[in-house]
Protein chains: 2
Amino acid sequence: MTNLYFEDLQVGLRAESEEIEMRLADIKAFAAQFDPQPFHLDEEAGRASFFGGLVASGWHTAATTMRLIVSGGIRAAEGTVGAGIQELRWPQPVRPGDRLHIVSEIVEIIPSRSKPDRGLARVRVTTLNQNGETVQSMVSTIVVPRRPAKDI
Amino acid sequence: MTNLYFEDLQVGLRAESEEIEMRLADIKAFAAQFDPQPFHLDEEAGRASFFGGLVASGWHTAATTMRLIVSGGIRAAEGTVGAGIQELRWPQPVRPGDRLHIVSEIVEIIPSRSKPDRGLARVRVTTLNQNGETVQSMVSTIVVPRRPAKDI
């Protein structure tokens, strides 16, 4: 599913990735650097919180999702340049030991009005845990180049 | 601006954070772990890309924005629990050495229909570089508890 050109896109095209395990040490390291709130850093504080246990930062789940897009998602030729994200949600928390994978699906194809060499695709990316529960959902708009004209 | 209860919220309430520098080594380390595409990892590949130079992953900018929210954004009492993000966009790339700060502003206050002890706030979080250019914008919906009743 990598190296897609605009001509290759089809609504409904789908890809499923492998899994990444969210280890406790990684959850704490990410949180210490980017989201140092007690329920991401300390088990005791997690138990006392809204979440009832230590949970990963949503931004750690989002970054891990990007990793899964690079290794097994729907990707444009020349790399996946995000024009923006709609509807990023975290319906269930991610807990230490959870194993995440993604399902990507093209939901819309948008030719560029101004740039003849590229277009846009909207891709729904759903991140699931080992129990099949959705831990993140988003719709990502990516830039997809048209296939270069062949030399004559 | 930390420890806000629902009763404290006002549309238009604003906070501005300090700066974080996006260092080349940090950009590459984040990309190696979460977004290993050549234009985030290698100067030469960056120059040959869409971006004309090595740039930070948008998810690195997003994670750094969370760090700025924790240290100087609009934050709810009991921690900032994100119910979701609308309209996450990266209108300008982040390059090595850029210094980022955020401006947060409450744009909507939503009482909960089902939960009397909390409500929601929509916060526009704009991430700017040292030249005042917006490198990320988003609207984040956060859960804000009501102030606990006093003991009698």
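**Note on a predicted two-chain model**

1. Fold order. Read along the sequence, chain A runs β-β-α-α-α-α-β-β-β-β. That makes four helices and six strands. Helices (H or I, at least four residues) and strands (E, at least two) are DSSP runs, numbered from the N terminus.

2. Basis. This is a predicted model; local features need pLDDT of at least 70, side-chain atom pairs count only at pLDDT 80 or more, and totals for chains, interfaces and linings use all residues. Residues are numbered from 1 along each chain as its sequence is written, while chains are lettered from A and ligands numbered from 1 in the order in which they are written.

3. Overall dimensions. The C-alpha trace of chain A spans about 65 × 25 × 25 Å along its principal axes. Chain A has 152 residues, and 39% of them count as buried. Buried means 20 or more other C-beta atoms within 10 Å of the residue's own; exposed means 12 or fewer; partly exposed is in between; C-beta atoms are placed from the backbone. Take the contacts in chain A between residues at least 6 apart in sequence: 71% join residues at least 24 apart. A contact needs C-beta atoms, placed from the backbone, within 7 Å.

4. Symmetry. Chain A superposes on chain B by a rotation of 180° with 0.0 Å of shift along the axis, at RMSD 0.0 Å. The two copies are thus related as by a two-fold rotation axis. Within chain A, A:Q86 comes closest to the axis, its C-alpha at 2.7 Å.

5. Interface. In total, 28 residues of chain A contact 29 residues of chain B. On the chain A side, the elements giving two or more residues are α4 (58–72) and β3 (81–89). By class, that side has 13 nonpolar, 10 polar and five charged residues. Nonpolar covers Ala, Val, Leu, Ile, Met, Phe, Trp, Tyr, Cys and Pro; charged covers Asp, Glu, Lys and Arg; the others, Gly among them, are polar. The copies meet through the same surface, because 100% of the interface residues of chain A are also interface residues in chain B.

6. β3(A) pairs with β3 (residues 81–89) of chain B in the antiparallel sense, over two bridges. Pairing requires at least two DSSP bridges between the strands. A:L88 has B:I85 in β3(B) as its bridge partner.

7. Backbone point to check. Most residues other than glycine have a negative phi. A:E87 has a positive phi of about 55°, and A:E87 lies in strand β3 of chain A. A:E87 counts as partly exposed, because 14 C-beta neighbours lie inside 10 Å. B:E87 has a positive phi near 55° and sits in strand β3 of chain B.

Key. Copies are superposed by least squares on the C-alpha atoms of residues with pLDDT of at least 70 in both. Two residues are in contact if their C-beta atoms, placed from the backbone, lie within 7 Å.
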